[in-house]
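Please examine the sequence and the three-dimensional structure shown below before reading further. The report is intended to be read alongside them.

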Amino acid sequence: MDSSTNSLDDVSADSSSEFTDRASMMEVRLQAQEDEITLLKSSLADALRRIRLHDQLLPLLKQQLIAVNPGAARVLNQVCCSDGCTSSRKLSSSSAIDGVRHPATSQLSDIVANANGHIGSPVSAEPSPRPATLDRSTQTEPTIPGQDRVPPPRRAQSLHLEDALPPEQTMVEGTRAKLHRVPGMEEEDEEQDEDEEVQGEQEKDLSWTSSVEEPIQPTTIRGLQREDFQDGSCSPEDQSSASALVRTSEQNLSSRSGPLSPIQEQEKQPLVRRNSEKLGNPERQRKRLDKKAASSANLLTRSPSLENRAKELITNAGSPGSRRGTYGQGHSIKMFIRGRPITMYIPSNIQNYEDLKMEPPSERLELDWVYGYRGRDCRANLYFLPTGEAVYFIACVVVLYHINNRTQRHYRKHTDCVRCLTIHPDKVRVASGQTAGVDKDKPLQPCVHIWDSTTLVTLQQIGLGTFQRGVGSVAFSFADSGAFLCVIDDSNEHMLSVWDCNKGTKHAEVKTTNEAVFAVEFNPSDSANIITCGKSHVYFWTLSAGQFMKKQGIFGKYKKPKFIQCFVFSLTGDVLTGDSEGNILTWGKSAADIKTLGKGAKETFQIMRQTRAHEGSVFTLCPLQGGALLSGGGKDRKIIRWSADLAPERECEIPEKFGAVRTLADVDGEELLVGTTRNAILRGTFSDGFVSIVQGHLDEMWGLATHPSVNTFLTCGHDRQVCLWNTEEHKLDWCITLEEYGLCADFCPVGSIVSVGLSTGRWMVLDLLTREVVSEFTDGNEQLSVMRYSPDGSFLAVGSHDNFIYIYSVTESGRRYTRFGKCNGHSSFITHLDWSKDGKYIMSNSGDYEILYWDIAAGCKLLRNRFESKDREWASYTCVLGFHVMGVWLEGSDGTDINALCRSHNERMVAVADDFCKVHLFQYPCPKPKAPSHRYEGHGSHVTNVCFTHSDSHLLSMGGKDTCILQWKVMGGGVSSSRERLASASASSTSTSSPEPATSLE
């Protein structure tokens, strides 16, 4: 890449790095605080849920006792009546108690003991009471030896009743199943709970005994647990914990056995939970608890790490029955970008993630066509070969385009942008020089390649490690059949060096000037003489014994121009220069001026003649056979043919849309090739005019979209042009210029409409046939970054830098648009988005590496539980963050290393555009880090976008500053689908390591 093109990007990155780091730190701190709050809420939710479970278990236990012994119902009624129970669940103070156990209580204890198969010892009639204390913290009760224990209040005994129930009870099992919630099913559970509550309310009206809180004897609990263990419904861990709980309950009950004293019975109050409201309306209270539990459960599902922490806390504090299902460890993985964790949920069809084996795709890419030409800032970059091919360059590729057959060949050995070009006198060898660049952290040194235009084989690499910044100009010698090559580099001193073409060794070197140098040439008749020109100078160099001697051209009485743009040699040996004043100057040797300069003065090069040629600069001069000359103008866009004595013969003007004339190449004396400053190559004659054979963009490009059914694609960029290209005929179908520059585009599925997003928040809908604007809208005042139609074309999603996604309903075959809603939830600008295959959901990425999911059909609702979307199928996949494309990120990526990606329509491969001028081809899906890929070079700037054609036959990649579009042909490949490949890889456990990434420099 050019260092000049990267300067603005470097300054922008430096100025924003500090702000980005501070923002990242604040986001991490805020996320930590939110995690703590969510953890507390989840713990509270679980506690409320367990309390509610216990309320449901008490009536079930009573029903079980009645089923075992029907006589227990009468005893339960007697106990409740003696205690003064009412339908409002309040306990009144009893009458005077004489310190002896109630008969009803004794009978209930016997029934429970017999029902569980436990034969107790005979009951002694001799009471031996123990003194009771009235301290609430250490309260004890009088105990009569041999008497059955009286159960404590409910809050002292109903902690782990779920494990006390036998597995045959279907209602109990259903209650337990509710605790193991599936993520995202809270709302369904809440509706089921409400239905059950209505039924429970009806039952409560029929019999008050179903709602009374009745204590259960520890012998009953122990007996039920034994049955549960024998039935095999509890795990060994559950058995051990349950046994410990039984022992703890027995110890607590033994310390509290015996009847209540009169004072204690009078102080007995209704059981009200701590930190809760009074139980006025039980139904209302129950619904309130349900809502709290569901709300906290929804919050809990946002973070799997938080879920794990809550799970550990609840498991350690509660019983085995209180454990809840989770999608934590083993069901999600994390990747980190700039220290920020990004959670990826593993789809259900992947059973063994660690055993997945990543391989490069069986498909490969082959460069098929190059769109564009670099004429805006380079000179002498177009030549014509005897083979009928035009030679020019763009990005890192030198193109050989056959003007009649309309075919291309490509020389691709350069590692960064080509800056200059020249043809050997034998018309076969070509020399091309490149600029310096950087590949990730590895510097790329400038050099010159000498290669064969027939075989595209590199013959010599010259100056690697010698030139600085880049190579500005190159030229072969003529007098000695091209034995030497002279080079001007882009260092501050613009070093001039001469090299042996066959050996690749440096012959001589000298500093030229600190001013810009535009051209260098050998004298056709003497290889010891070299001429350079540039800003306000023309230098004549003489090489002798490895040393250079410089003479400066003398302007004398003529106005010194600001720039000498170009020069050629006439048949008489004179030098003709074109300058920024529009003049052609003829230079020649003059005898030494002894009178002015004194004795010892040497010959000088002075202006012999000045010819007015163009209005504005003379950008190029091209000699013809017979001594005629062609000149190309800048401001006037004229091409003029001059006779040998510089008399104008013919002229023509090229259309304004192509810009000024940058360079000229003679085809056959009549037909010409013209390179323009607006990156076009024209072909024609003076009489017939000129037509374009190569066209390209002028500035950085970002918008790229392929047609859904035909082989065309659309591009837009900072040059305000919107271009429609044909991939079969390799030509530009049409081009229009907008008032603002476009950044994104997408075709409507009907195929006749395309939408283009602009830099100011405006977007417009174009008719492909008439090129007219069908509709125009504005969303926000910031640039738009993505346009995406739903699969059926009923919706259009517009992603903006104002952090919103605007949704429009589409009717009348894409010609009518109505605002449907707005997706609000991202904390940074939208970068990418995709629709699900059913057209109801959207997945989106943002500038702060966020992955969000939206339910469009439900009113652009943000899906808080991202786990629900792990198995959703997507119509396209362009989001750079996601489980299925996690492997495309290299270790240590900063989040901007990947600009775009695109999954093929057959879902077998994914193409990636990175920030290091490379195009990668991965297997799809590639969910593991360090996934191998095929890598392809050709771009000379950051690759901004990639996209497959509708049939996956070609891939299109688009450079940024290099204004180049590369069309790659997809070669090879099998027939297996991505789903079959993923399933087989998941099932296979033969290897747990991924191969090293394969690199393909095709």
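The following paragraphs describe the chain as a whole, then its aromatic rings, its cavities and several individual residues.

## Basis and overall composition

The model is a predicted one, in which local features need pLDDT of at least 70 and side-chain atom pairs count only at pLDDT 80 or more, while totals for chains, interfaces and linings use all residues. Residues are numbered from 1 along each chain as its sequence is written, and side-chain values use heavy atoms, with hydrogens and water left out.

The protein chain contains twelve helices and 56 strands. Helices (H or I, at least four residues) and strands (E, at least two) are DSSP runs, numbered from the N terminus. Of the 1002 residues in the protein chain, 52% are buried. A residue is called buried under 20% relative accessible area, exposed over 50%, and partly exposed in between (1.4 Å probe, protein chains only). Among contacts in the protein chain with a separation of 6 or more, 53% join residues 24 or more positions apart; contact means heavy atoms within 4.5 Å.

## Aromatic rings

A pair of aromatic rings is described by the distance of the centres and the angle of the planes. Rings of Phe, Tyr and Trp (its six-membered ring) pair if their centres lie within 6.5 Å; planes under 30 degrees apart count as stacked, over 60 as edge-to-face and the rest as tilted. A search of the whole structure finds 27 aromatic pairs. In one of them, the ring centres of Tyr-936 and Trp-968 are 5.6 Å apart and the planes stand at 50°, so the pair is tilted. This pair links distant parts of the chain, since Tyr-936 belongs to strand β53 (residues 933-936) and Trp-968 to strand β56 (residues 965-971), 32 residues apart. Both Tyr-936 and Trp-968 are buried. Elsewhere, ring pairs link Phe-540, Phe-555, Trp-587 and Phe-605 into a cluster.

Charged side chains also meet rings. A charge sits over a ring if NZ of Lys or CZ of Arg is within 6 Å of the ring centre and within 35 degrees of the ring normal. The charged end of Arg-662 is placed over the ring of Phe-619, 4.8 Å from its centre. Arg-872 lies over the face of Tyr-841, with 3.7 Å to the ring centre.

## Cavities and a buried tryptophan

On a 1 Å grid over the protein atoms alone, a cavity is a set of points where a 1.4 Å probe fits but cannot get out, and lining residues have an atom within 4 Å of a point. Grid points are joined across faces, edges and corners, and a volume is the space filled by probe spheres set on the points. The whole structure holds eleven cavities of 30 Å³ or more, and the largest cavity has a volume of about 140 Å³.

Which residues lie nearest the centre of the largest cavity? Of its 15 lining residues, these are Tyr-345, Tyr-853, Ser-869, Lys-870 and Phe-883. Strands β2 (340-345) and β48 (851-855) each supply at least two residues of this lining, and β2 gives the most, with three residues. By class, the lining has eight nonpolar, four polar and three charged residues. Here Ala, Val, Leu, Ile, Met, Phe, Trp, Tyr, Cys and Pro count as nonpolar, Asp, Glu, Lys and Arg as charged, and the others, Gly among them, as polar.

Tyr-853 is also among the residues touched by Trp-874, as are Tyr-841 and Arg-903 (residues up to four places away in sequence are not counted). Trp-874 lies in the loop between β49 (861-862) and β50 (898-903). With a relative accessible area of 5%, Trp-874 is buried. The C-alpha atoms of Trp-874 and Gly-839, 35 residues apart along the chain, are separated by 8.9 Å.

## Residues in other loops

| Residue | Loop between | Relative accessible area |
|---|---|---|
| Ala-380 | β3 (364-371) and β4 (383-384) | 40% |
| Arg-406 | β6 (397-402) and β7 (407-411) | 35% |
| Leu-464 | β13 (458-462) and β14 (471-476) | 48% |

Ala-380 has a positive phi of about 50° although it is not a glycine. The phi of Arg-406, likewise positive in a residue other than glycine, is near 55°. Leu-464 touches Gln-445, Pro-446 and Cys-447, not counting residues up to four places away in sequence.

Finally, a cis peptide bond joins Tyr-924 and Pro-925, with omega about -5°. Pro-925 is located in the loop between β52 (919-923) and β53.

Definitions and conventions:
1 Å grid on protein atoms, 1.4 Å probe; cavity = no way out; pocket = protein on both sides within 12 Å on 5 of 7 lines; lining within 4 Å.
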